Amino acid sequence: MTTERRKLIEVALPLDEINAACKADKGRAHGTIKNLHKWFAPMPLPAWRALLFAALVDDPADEDKRVYLLDVIKRLVANGADLPDDDTLIEAREILAKQFPDGVPTVMDPFCGGGSTLVEAQRLGLPTYGSDLNPVPVLITRTLTELLPKVHGQQPLHPEALGTPKSKGQRSSNQAHDGQTSLLGNTGAVRTYEGYDGLMRDVTYYAEQIRDQAWEKLKASYPIQPGETPIAWLWARTATCPNPACGIETVLSTSWWLSKKKGDRAWIQPRVENKEVRLEVISGQRAGEAPPPPKVGRGASFTCLGCTELIDEEELIDQGRNRRIGLRMTAVVAERGGRRIYRAPDSTEIDAARAVEAPNGVGEIKLPDNPRWFSGPRFGFTTQADVYTPRQLLTVATFADLVAETYETVTEDGGRKEWADATATLLGLGVGRLAQFASTQARWTVRDNVSSFEGAFPRNDLPITWDFYEINVFGEAGPSWMQTFVSTLRSLKNVVGDGSGAVVRADARTTTPPMKSLIATDPPYFEAIGYADLSDYFYIWHRFALRRVHPDLYATMAAPKTGELTAIPSHHGGSSDAAKRYFIEGFTETFGNLRKSLFPGLPMLVVYASKEQKGGKDELSRWASILTAMVDAELEITGTWPINGTGDRRMIGQGTNAVATYIVMVVRPRDRSAAPCSLGEFTKALRRELGAAVRDLQAASILPVDMAQAVMGPGMSIYSRYASVVDQSGARVHVDDALRLINSVFGEVQEEQEGELDADSQFAVTWWHKHGWAHGPFGEADQLARAKGISVDDVVRAQVATSKGGKVAAIGGDILDRGWDPLKDDRPTAWEAVHHLVDRLIDGGGEAEASVLLDKLTQRGLADSARALTYRLAAVAATTKRTKDEERYNALIDAWTRLTSSAQGGLF
């Protein structure tokens with residue numbers, strides 16, 4: 001075992017506070033660094049802030065001093081998605097300065113992603129070094145941690161005059177420039193800008209200039225009706241009905257709804273006349289329903305609007321590959337007289353859109369033939385250009401070309417290199433953000449009372465879309481060009497003004513920081529996300545706009561694929577085994593390389609999370625691969641922490657049990673004196689130590705759906721402390737075998753916890769496991785009850801089951817008596833506690849009523865057993881595929897910390 005002095009992160013963390021802040025960060029849609037540009041699976045900022053601080057400070061081995069340091073961390077994340085208070089940051093920086101009197105270490109992230117690791121390192125006053133093989137994350141992180149701090153506090157070239165309306169982008173002829181400051185001649189004083197406000201002003205100014213120049217080039221393609229401002233044009237794909245007796249060009253819509261706003265419902269009403277589909281827009285309705293869409297079930301199957309014959313996926317694949325899938329404008333969303341309207345398109349709008357020819361040489365990058373993430377190629381949409389309509393492609397290309405000229409424009413206006421770099425780069429990132437909402441991936445989503453603009457990548461894929469909106473990029477509503485910067489520039493408030501860092505494009509297997517560092521990273525998740533393949537979507541536009549500003553990033557036509565440390569079979573001849581070997585070997589080399597750059601005495605932080613929804617063999621393989629690489633690189637896991645990665649929305653109704661927890665592994669080089677151990681010794685250690693670890697995870701309210709993943713951490717901490725684990729024959733026990741054993745012991749721990757429940761609840765768990773909420777025979781129930789030293793009458797009196805007509809059923813699947821009070825019940829049980837909590841949380845009065853009940857359960861001594869039972873029931877629901885029940889139990893654990901805090905603090 002390592003003999004290094006332990007860091008705080010290896011001993012204690014205030015998980016409840018960190019997880020609450022992470023939920024707030026994930027739940028915030030605007031005003032975070034995520035809004036600067038899309039990247040995949042970003043780690044919440046508050047988590048990195050807390051983790052980095054705890055990895056740097058020594059554990060004081062004194063309870064009072066430890067409580068003080070934990071309180072500092074709590075205050076660092078106390079504001080949730082907002083930044084910490086200045087006095088707390090100053091205090092944290094002073095603590096780190098005392099810890100490192102010769103100078104604080106650099107923080108290195110070799111998979112820099114969206115930049116959150118390094119932004120938070122700079123917030124703590126630490127220099128940073130970032131790298132990635134992919135130019136897109138390098139650009140994002142370079143902007144946040146290298147370019148922006150260099151221009152913090154500087155004044156714009158084009159300030160606004162005090163007391164005058166905001167500029168619409170018209171350049172004043174009497175502006176003079178002196179360095180970074182411009183005065184407006186005799187017109188009076190100008191604003192003084194603080195922080196990044198000056199940069200935001202110039203970016204807005206040049207964005208307006210670009211918009212106006214683009215309009216002059218493209219206005220013929222965007223006809224506008226008098227008195228109206230278009231917001232978006234809605235489109236749907238079309239196909240020819242294969243029925244010989246029909247043969248019409250039918251519309252492949254997934255929904256006819258335009259608006260469900262109360263008192264202003266709108267939809268499209270299709271009808272067929274003379275073998276032609278006509279689309280009428282019905283709007284301004286107080287009541288009524290849109291007709292059912294032609295989309296049928298999952299996959300790509302539609303019914304013909306004329307003859308109702310099924311057009312199945314194979315037919316659409318054939319038509320698509322023969323370029324016979326068309327496009328049709330279906331409706332227009334506009335603003336007239338200050339209100340939103342919905343109408344049918346006129347012939348001028350349709351003809352203008354159809355007349356546009358896609359520019360040559362733009363977006364000719366091939367889409368991977370990988371249906372998991374790219375379904376378009378199956379239907380004949382084979383290139384990045386095919387993700388856009390011709391008008392969208394021409395429009396985004398025009399903006400990218402104009403941004404490419406901005407660097408010279410800024411320098412001609414008097415801006416220094418650092419200012420021109422930052423301004424042009426933010427505009428280039430804006431082109432990427434615009435593309436996210438200006439392709440056929442943009443979906444018009446209608447929910448109750450809300451119609452919203454969704455862009456590309458709500459999930460980490462590029463599926464074919466059958467209907468979509470085309471935003472008016474010149475407008476002021478929705479994700480237009482200028483609205484893009486309203487969102488993007490809000491993120492700058494999170495960027496550190498005095499940060500110091502460098503970011504390069506490099507391979508993690510060979511990159512080396514200029515000095516020894518704290519290494520903290522969130523590496524690729526095996527084959528969960530096709531980072532390089534997906535990032536071409538942005539790369540092509542960044543390259544057009546920024547290759548003169550960042551020539552080191554754009555030497556290739558597409559994002560580099562060779563060398564990406566993922567286990568994607570299509571990158572390895574379709575072989576899953578070859579992809580897995582490549583991943584393990586690559587990360588073994590990576591961890592071996594990174595060891596050499598570790599600052600003396602500091603651990604390495606590695607964040608990992610499987611995104612598999614159903615777990616099982618695939619999830620085990622993912623974890624086994626990254627852990628095998630760590631062990632083979634002679635690293636020891638000295639601590640593991642589960643960090644909640646969900647937003648603050650309740651799980652119920654989200655339609656998924658996707659993993660919501662990041663596992664933070666604290667690793668160090670394994671001590672050279674570490675000895676091998678036998679399989680029996682390893683098993684004994686697991687049984688001795690895993691129970692306490694499971695209880696700690698449950699106390700941290702880790703979602704049941706994530707527990708099997710979270711338990712791997714403490715289990716592997718035991719495994720990795722030994723030089724090797726060997727079986728009776730002397731053969732090495734590999735990581736995947738160790739993980740199976742960890743899962744087995746975890747099951748034993750759960751069974752032990754079930755055995756600690758009251759007998760009535762034990763009966764109910766066993767009965768429900770077999771029968772669910774259905775009835776079963778009395779004789780079977782009688783045998784089960786007797787084995788537990790009770791009778792069926794006992795469980796009926798305890799209100800955990802009903803017995804009627806020779807049949808027995810567990811109670812809890814329906815609405816319960818909400819007057820139940822455990823303080824007045826002479827025989828309260830853990831089973832009742834769980835199901836009354838679930839009922840009140842989800843079907844009753846919500847968290848307010850549930851927190852009151854939890855307080856009473858705590859007084860009665862039932863809260864801990866109720867929480868343990870909730871985990872057990874969620875596990876049973878998962879194995880028996882009772883998805884609705886599993887979601888309900890997960891929702892209770894998800895809310896547990898809030899319910900506890902509310903009960904103690906009287907928040908409701």
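Biologist: Where does the charged end of arginine 237 sit?

Modeller: Over the ring of phenylalanine 381, 4.6 Å from its centre. A charge counts as sitting over a ring if NZ of Lys or CZ of Arg is within 6 Å of the ring centre and within 35 degrees of the ring normal. Arginine 391 has its charged end over the ring of tryptophan 233, 4.7 Å from the centre. Bear in mind that this is a predicted model, where local features need pLDDT of at least 70 and side-chain atom pairs count only at pLDDT 80 or more, while totals for chains, interfaces and linings use all residues. Residues are numbered from 1 along each chain as its sequence is written, and side-chain values use heavy atoms, with hydrogens and water left out.

Biologist: How many aromatic pairs does the structure hold?

Modeller: Rings of Phe, Tyr and Trp (its six-membered ring) pair if their centres lie within 6.5 Å; planes under 30 degrees apart are stacked, over 60 edge-to-face, and the rest tilted. The structure holds 34 such pairs. One of them is tryptophan 215 with phenylalanine 474, edge-to-face at 5.1 Å centre to centre and 70° between the planes.
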